[in-house]
Amino acid sequence: MPLFVTVGYGDRAGYERTDESVRDRAHAHDESLRAGGAVMGVAEAPVQVRNPEGAGVSTANGPYLRSELPVAGFALIEAADLEEAVRLVSGTPCAVAHGVVEVWPLRS
């Protein structure tokens, strides 16, 4: 089955202004995705890694990309196609709490 990486963006303000019952359903939805085999996690502070031409590794704290909302989490899901992947993530906390979820198809 095809794999998809999902990136959830959202902030505390959007989360808190979402009705608690909607948030509870979204968290239950995440649990059902986990039970179905999705690998999910909340994003922590990133580290950038560079090794130009294999000449030496350097690191820098913080994200490389900038966006309107911070990255909130990631998931690796299986779905029959992009349409199903979109349906699967449409009930997650970032999608329902004034955030956004990107769905990235992975090609092997």
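How many bridges join strand E1 and E6, and do they pair in the parallel or the antiparallel sense? I began my entries here, keeping in mind that this is a predicted model. I found that strand E1, residues 3-9, and E6 pair in the antiparallel sense, over six bridges.

I noted an open sheet of four strands, in the order E2-E5-E1-E6 and with antiparallel pairing. Strand E2 (39-42) and E6 stand at the edges, and each has a single partner strand, so one side of each is left without a neighbour in the sheet. I also wrote down the twist, which averages 15 degrees from one strand to the next. I saw that H3 packs on this sheet, touching E1, E5 and E6, and that its direction makes about 150 degrees with that of E6.

I then turned to the largest nonpolar core, which is made up of twelve residues, among them Phe-4, Leu-33, Ile-77, Ala-79, Cys-94 and Val-103. Strand E5 (71-78), helix H3 (82-89) and strand E6 (100-105) each supply at least two residues of this core, and H3 gives the most, with three residues. I set beside this a general note, that in soluble globular proteins nonpolar side chains tend to be buried together.

Which residues does Ala-79 touch, not counting those up to four places away in sequence? I listed Met-1, Pro-2, Phe-4, Glu-84, Ala-85 and Leu-88. Of these, I had Phe-4, Ala-85 and Leu-88 down as members of the largest nonpolar core, to which Ala-79 also belongs.

Methods:
Residues are numbered from 1 along each chain as its sequence is written. This is a predicted model: local features need pLDDT of at least 70, side-chain atom pairs count only at pLDDT 80 or more; totals for chains, interfaces and linings use all residues. Side-chain values use heavy atoms; hydrogens and water are left out. A nonpolar core is a set of buried Ala, Val, Leu, Ile, Met, Phe, Trp, Tyr and Cys residues joined through side-chain atoms within 4.5 Å. Buried means under 20% relative accessible area, exposed over 50%, partly exposed in between (1.4 Å probe, protein chains only). Contact means heavy atoms within 4.5 Å. Two strands pair if DSSP finds at least two bridges between them. Axes are lines fitted to C-alpha atoms, for helices over the stretch in contact, and angles run from 0 to 180 degrees between N-to-C directions.
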